[in-house]
Amino acid sequence: MQGNGTLLEVKDLKTWFASGKYPVRAVDGVSFKVDAGETIALVGESGCGKSVTAMSLARLIPQPPGFYAGGQIIFEGEDVLKMSSQRLADLRGRDISYVFQEPGTSLNPVFHVGRQIMESLELHRKDVDARAETIKLMTMVGLPDPETRMRAYPHEMSGGMQQRVMIAMALACRPKLLVADEPTTALDVTIQAQILELLSSLQKEFKMAVVLITHNLGLVADTANRVYVMYAGRVVESGLTEDVLASPAHPYTRGLLDAVPRLGVDSEANAKPTRMKGIPGSVPSPARLPEGCKFAPRCSRAQEVCRKTEPEMKCDDKGRCVRCYFPL
């Protein structure tokens with residue numbers, strides 16, 4: 001789904017953490033934009049900075065140890081990094097909401113789930129009956145017998161039901177932007193499909209934009225208009241989802257696609273099971289990043305220039321961008 005006009009634009013965002021002599025550069029110069037009603041995806045391995053980027057959008061990173069070393073987060077023409085505490089309180093939940101990957105740890109274990117949904121309504125939507133609206137929201141996300149369920153504690157619910165409660169909380173104030181950080185990671189495959197279908201239908205109903213954080217490229221292909229591939233706190237490739245997935249330009253993106261499990265055979269003549277490939281090595285620690293291209297130590301195409309000088313992001317006239325000296 002895609003609307004008109006830029007809702008959010010992130011420019012050269014740097015979210016660092018104080019640690020010893022040198023800062024930990026978890027997010028180091030990330031830029032992207034989200035149009036109204038659009039879905040974009042941030043993808044990459046664990047440790048690439050996706051979740052820190054997501055948390056930064058509403059300034060949810062604890063300070064200290066975190067701090068914003070530079071950049072801008074422009075939401076509807078206003079820089080989130082310059083907002084007052086009161087303006088941030090209005091922004092969070094009302095304009096930007098979150099669905100996190102582990103609802104069991106995100107929900108408060110000592111309060112009924114209905115009370116937790118009602119809290120946001122009482123804060124941001126004083127014009128509605130909070131209890132009646134909570135029942136409506138719980139019905140909307142597919143929770144059976146909402147009048148009884150709203151008196152349940154989180155531990156009395158399954159993982160899928162907990163995630164539906166999280167979605168109801170996130171949508172309570174009709175946000176303009178929903179940040180979904182690995183929303184189906186802890187769920188089994190059947191429940192994953194139900195949650196994704198629910199999010200898609202609610203996005204269309206509320207006409208909201210979505211920032212999807214995931215490492216599941218199949219999910220990206222089904223849901224996102226544009227994709228931003230992150231590595232070591234940077235965006236290394238971006239573009240329309242169908243272009244990036246069909247014809248990756250960065251060796252890291254190619255590696256991620258090659259690592260996706262597939263059923264099938266190598267060829268009709270050689271009927272052997274297809275062997276899943278992996279990317280050698282691991283994501284570097286943001287406290288000990290290599291010089292030059294951060295992916296060079298794991299890249300089979302790397303040459304001397306890659307190890308000495310980091311490449312700049314280069315974009316074509318169609319908005320396809322890649323950070324690589326020797327793109328595919």
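**Entry 1: the whole chain**

I call a residue buried when its relative accessible area is under 20%. With that cut-off I looked at this predicted model and found that 49% of the 328 residues of the protein count as buried.

I then asked how the radius of gyration fits the chain length. A compact globule of 328 residues would have a value near 20 Å, and the protein has 21 Å, so the two agree. I also noted the extent of the C-alpha trace, which spans about 65 × 55 × 40 Å along its principal axes.

For secondary structure I counted 12 helices and 12 strands. Of the contacts with a separation of 6 or more, 63% are between residues 24 or more positions apart.

**Entry 2: confidence**

I checked pLDDT before going further. The mean for the protein is 87, and 94% of the residues reach 70 or more. Which elements sit at the two ends of the range? Helix α8 (residues 189-206) has the lowest mean pLDDT, 79, while strand β12 (residues 321-322) has the highest, 96. A reminder to myself: where pLDDT is low, the predicted coordinates should not be read in detail.

**Entry 3: α4 against α5**

Next I turned to a helix pair. Helix α4 (residues 113-124) and helix α5 (residues 130-140) pack at an angle of about 115°, and their axes are 9 Å apart. I noted the crossing of α4 and α5 as right-handed. From α4 the contact draws on Val113, Gly114, Ile117, Met118, Leu121 and Glu122, and from α5 on Ala130, Arg131, Glu133, Thr134, Leu137 and Met138. Sorted by class, this contact of α4 with α5 has 7 nonpolar, 2 polar and 3 charged residues.

The spacing within each list made me recall a rule: an α-helix has 3.6 residues a turn, so residues three or four places apart point the same way.

I stayed with one of the charged residues. Is glutamate 133 buried or exposed? Glutamate 133 is found in helix α5, and I count it as buried because its relative accessibility is 9%, below the 20% cut-off. Leaving out residues up to four places away in sequence, glutamate 133 touches Leu121, Arg125, Val128 and Arg174.

**Entry 4: isoleucine 96**

I picked a residue in a strand for comparison. Isoleucine 96 has its place in strand β6 (residues 96-99). Its relative accessibility is 1%, so isoleucine 96 counts as buried. What does isoleucine 96 touch, not counting residues up to four places away in sequence? I listed Leu57, Ala58, Phe75, Leu91, Pro175, Leu177 and Val179.

I also took one distance from here. Isoleucine 96 and glycine 160 are 64 residues apart along the chain, and their C-alpha atoms are separated by 23 Å.

**Entry 5: helix α11**

Helix α11 (residues 251-258) is mostly covered, with 6 of its 8 residues buried. I wrote these down as Pro251, Tyr252, Thr253, Gly255, Leu256 and Leu257. What do the buried residues of α11 pack against? Their partners are α9 (217-223), β9 (226-231), β10 (234-240) and α10 (241-246).

Most residues other than glycine have a negative phi, and most peptide bonds are trans. I went looking for exceptions.

Two cis bonds turned up in a row. The peptide bond from glutamine 63 to proline 64 is cis, with omega near -15°, and the bond from proline 64 to proline 65 is cis too, with omega near 10°. I placed proline 64 in the loop between α1 (50-56) and β4 (66-75), and proline 65 is in the loop between α1 and β4 as well.

For phi, I noted aspartate 145, which has a positive value of about 50° although it is not a glycine. Aspartate 145 lies in the loop between α5 and α6 (146-149) and is partly exposed, with a relative accessible area of 46%. Lysine 207 also has a positive phi, near 55°. Lysine 207 is in the loop between α8 and β8 (209-214), and at 63% relative accessibility it counts as exposed.

**Entry 6: alanine 287**

My last stop was alanine 287, in the loop between α11 and α12 (304-308). Alanine 287 is partly exposed, with a relative accessible area of 45%. Alanine 287 and glycine 20 are 267 residues apart in sequence, and I noted their C-alpha to C-alpha distance as 9.8 Å.

Note on methods
Residues numbered from 1 in each chain as written. Predicted model: local features only at pLDDT ≥ 70, side-chain atom pairs only at ≥ 80, totals over all residues. Heavy atoms only, no water. Axes fitted to C-alpha atoms, helices over the stretch in contact; angles between N-to-C directions. Helix = DSSP H or I, 4+ residues; strand = E, 2+ residues; numbered from the N terminus. Left-handed = near helix turned anticlockwise from the far one by under 90°. Contact = heavy atoms within 4.5 Å. Nonpolar A, V, L, I, M, F, W, Y, C, P; charged D, E, K, R; others polar. pLDDT = per-residue confidence, 0-100. Buried < 20%, exposed > 50% of the residue type's maximum accessible area, 1.4 Å probe, protein only. Rg over C-alpha atoms; globule rule 2.2 N^0.38 Å.
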